[in-house]
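Here's a quick walk through this protein, from its overall layout down to a few individual residues. Have the sequence and the 3D view open as you read.

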Amino acid sequence: MRFDIISCQPDLLDSPFSHSIVKRAQQKGLVDIHIHDLRKYAINKHGQIDDYAFGGGAGMVMMIEPIDKLLSDLKAERDYDAVIYMTPDGQTLNQQVVNQFSLMRNVIILCGHYKGVDERVRQHYVTHEISIGDYVLSGGELGAAVLADAIIRIIPGVLNDESSALTDSFQDGLLAPPVYTRPADYKGMKVPDILLSGDGPKIEQWRFEQAIERTKQRRPDLLNE
Ligand code: ADE
């Protein structure tokens, strides 16, 4: 899967994609991430990519021209399944939305800044608008990193079997059950006996019950969906 991420603060995106699972996914050739500096498409030699809002008001608005030009360059090279705009007023991200994106081949993620992008960008170029939660970030970059990370970890082959994404919270509509590792007894704090029993089916049943219990306690809304 290929990600083209458009940003006016590309440095913010260096670290999230250079470690651990996401780094390995790129090394394995399963994921290709390209970060594009919107300022390279500035309308003048001062690097301008934003301007005052028509009608007045505080905050700058990202201009349509640099975005249009960058998108045109990308689209001339390949077809895209989605142009995703990161914005607090978009659809709230959840595992189902992540799963759908993970089936795509080429996606563009546009990171907003300041007061956001000129509305015509949203009307004419953007196909999906995504929020990572009901709070406002200083820009779309951290949201883009969250979205890309969530997608990448479920691409087949990215995780090995031991850490299979199928047992993640939300993947079956439930929160994940509790997990334990050695030692079995730490200062009197004991691991549930069932997990030491070696009885596979019983352990699976216990995990399922724990997942239901945890979901009931913490996220009853998930059980009613
Ligand atoms: N940009 C600013 N806030 C955001 C949010 N909550 N989700 C996605 N992009 C954003």
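Predicted model: local features only at pLDDT ≥ 70, side-chain atom pairs only at ≥ 80, totals over all residues.

Now look for an open sheet of five strands, with parallel pairing and the order β2-β1-β6-β5-β7. The edges belong to β2 (32-37) and β7 (128-131): each has a single partner strand, so one side of each is left without a neighbour in the sheet. On average, and ignoring direction, neighbouring strands here are turned by 30 degrees against each other.

Zoom in on β1 (residues 2-7), which pairs with β2 in the parallel sense over six bridges. Within this pairing, Phe3 stands opposite Ile33 in β2.

## A helix across the strands

Helix α2 (residues 64-77) lies across β1, β2, β5 (82-92) and β6 (106-111). Relative to β1, helix α2 runs at about 165 degrees.

## The annotated binding site

UniProt, in an unreviewed entry, lists Gly112, Ile132, Gly133, Asp134, Tyr135, Val136 and Leu137 under "binding site". Two of the listed residues are worth a look: Gly133 is in the loop between β7 and α5 (141-152), and Asp134 lies in the loop between β7 and α5 too.

Are they buried or exposed? Gly133 has a relative accessible area of 9%, under the 20% cut-off, so it counts as buried. Asp134 comes in at 72%, over the 50% cut-off, so Asp134 counts as exposed.

Definitions and conventions:
Residues numbered from 1 in each chain as written. Heavy atoms only, no water. Pairing = 2+ DSSP bridges. Helix = DSSP H or I, 4+ residues; strand = E, 2+ residues; numbered from the N terminus. Axes fitted to C-alpha atoms, helices over the stretch in contact; angles between N-to-C directions. Contact = heavy atoms within 4.5 Å. UniProt positions renumbered as here; feature names shortened; annotations may be inferred. Buried < 20%, exposed > 50% of the residue type's maximum accessible area, 1.4 Å probe, protein only.
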